[in-house]
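Visitor: I would like to know what lies behind the words used for this structure. Please take me through a few of them.

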Amino acid sequence: MKIVEVAIKVPLNRTFDYLVPEALCTTICSGMRVEVNFANQKKIGIVLGVKDHSDFAIEKLKPITTLLDTTPVFQNDILNLLKFASQYYCFPLGETLQLALPTLLRQGKSPDKTSVVYLDLTRDGQAITTLRGAKQLALVKQLQASGKTPLTEIKALGFASATIKALLKQQLIHEFVEHDNCWQTAELTINKALKLNPEQAIACAAIKQNKGYQTYLLEGITGSGKTEVYLQALADVLAKGKQALVLVPEIGLTPQTVNRFRRRFPNTPIMLWHSALTDSERLQTWRYCEQGSCAIVIGTRSAIFTPFAQLGMIIVDEEHDSSFKQQDSLRYHARDLAVYRAHQAKIPLILGTATPALETLHKALNGKYQLLTLNQRAQTATNNQYCLIDMRGQQEQAGIAQASLAVIKQHLAKQKQVMIFLNRRGFSPTLICHECGWLSNCKRCSTSATYHKGIRSLICHHCGEHERPPMQCPDCGSTQIFPAGKGTEQVEDFLTEQFADIPINRIDRDTTRRKGSLEEALEEINTPGARILIGTQMLAKGHHFPDVSLVVILDVDSGLYSFDFRATEHLAQLITQVSGRAGRSGEAGVVLLQTHFPEHPLLQDLINNGYQDFARFALTERQLTSFPPFSQLALIRAQAHDAKLVQAFLNDLIPKTPIAGIELLGPLPAPLEKIAGQYRYQLHLQAQNRSQLHQYLVQLVEYLNSSKLAAKVRWHIDVDPIDMN
């Protein structure tokens, strides 16, 4: 009788053996799903292999209950990727495999969903420029921009069924179903390929000459035309009948990215993968990719686990972005897994960004990756003009200096758009009592609750706790309670008073909760004329705003001094990315940075020499301090309602005698020590050698699995941490 090795979703670093009924011996193979009995429960597991013997007695083994598949849901390449991820990030294999599956497959449903309902314009619809219904016109414009689009994607953009039905009735759009689309047999249509400048042409030539694996760091300043390089490199891949995966950091970037890709490749099936899709939509994308019916997938970090029939290229846009790092369960970095996957598949990988992560830049400078640079803006002959606004002694309202306000008025008078950037939503970070100094601290966290004036609420952005702001100070009874600090809501109120006739768009998590609201705001922003944009880092990532001529960055100082060794890197990236939203229409933009430390070396280096110079200098600092990428880092984080219990657990992990090559620091309280009533501590592990660190982590995981203290706290291991909090 045959035996199968099965990975089950349990928090154990091991697999389990099951017997195979005689009738299934010839059909079962690795990568298939099976239903098994485990601890008096029915669970779905993944077959890792078929073998003739087990380390356990045959009479103790249970038979599998049901074989759920006729073909594997995981091909060998994806299985190998997931085994690597499980091992590297110290996470149980069974849970890793389940996380990579679409939800419906985790539930045991059939993978066969192989048709997609599309919408497209009729001939009459293509000629439409005006309509009485604003929503109907918006949908027509969307289809004019993107071409044929899945119905579910149209609904995800916020278009209601009534709007779709009205246009169908007017015969301005039509609805049709596509089954397995053999796009490889059709002639590839390429629209409006732009003429490349010399730097772009060199980058494209280098990528196209590649016949196997190579990782390229495409380091291009904002507005230098990185996307055009992606598109022309992809044309070669698609012409060979191969597929491509494009990773973007945020859901908000997928609509504009997919529109541009669809305009370039109108007869090529392009699908999305992100958390806003329904379970059925994600399964549909999964199946289309696996069968080869989809040419390009544009998705967020979890798209790295999507199966492809013939994957020919991977692109990671904004590779520096921390959104590519998963912050719970399997704490993987999609960029790093993309490197592993491209290497295994022997295909090119393009990492594109204006502000490369120092780890990525280090590998490029050492020759591990090939560095391609774009230093010329595609639309503008000159670079943006930077100006530091010294806030010392400066009058300000809602965080905006009078000097900045004067420049804002000048640009609006020219019918240009102005972007105000403040990475803090709400009206103010806290309320303060003028009499006794009471602060509106969250009762469950060691931080303040943010005041949201529009809904008259104090909200903790860490645990989500809501409460009404008090009429009197809880400590002294005074009514002199005032907002302290600035948020985007306060900036919006002030600018609405100052510029009553100018349209204002505020874009943050509070204003984009409703489905389709972000897309609506982005569409409004593209309307010509004077406009003010206010936003958090949601506005900083890859958006193209051609009419923005001025960017004002408030509260630059918050990132200058921090406990996190990556703080200056992240600040420099943020300033560069936000600044890049200006000057994309043909003339140089203006960037104002408000700071109390205008002489700070980071700011001086950044505005005078650019991010490239800053990053290379920052690497020398990292080398002197032996921080990553010149060392390897892991964190063991633990939390519980009892702080002493957490400390005892982490202290128990410290070896009695030092281990060669491993440095331990802690246990230390997390920078935000308490969240949702739980105390959080961490133990830092640092090594010069990656293999030394992982050998130690393997031993540590074995010990943790048998530790009695480990069962009393919540703990996890974070390898290559990005967020030190």
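**Terms and values**

Guide: Thr 536 sits in the loop that links strand 26 (531–535) and strand 27 (548–553). Strands (E, at least two residues) and helices (H or I, at least four) are DSSP runs, numbered from the N terminus. The model is predicted: local features need pLDDT of at least 70, side-chain atom pairs count only at pLDDT 80 or more, and totals for chains, interfaces and linings use all residues. Residues are numbered from 1 along each chain as its sequence is written, and side-chain values use heavy atoms, with hydrogens and water left out.

Visitor: Why is Thr 536 called buried?

Guide: Buried means under 20% relative accessible area, exposed over 50%, partly exposed in between (1.4 Å probe, protein chains only). Thr 536 has 9%, so it is buried. Beyond its neighbours within four places in sequence, its contacts (heavy atoms within 4.5 Å) include Phe 421, Arg 424 and Asp 508.

Visitor: How do you know that strand 10 pairs with strand 12?

Guide: Pairing requires at least two DSSP bridges between two strands. Strand 10 (residues 243–247) and strand 12 run parallel and have 4 bridges, so they pair. One of the bridge partners is Val 297 in strand 12, for Leu 245.

Visitor: What joins strand 11 to strand 12?

Guide: Strand 11 (residues 270–273) is also parallel to strand 12, with 4 bridges. Met 271 is opposite Val 297.

Visitor: Which way do the residues of strand 12 point?

Guide: Ile 296 and Ile 298 point one way, Val 297 and Gly 299 the other, and all are buried.
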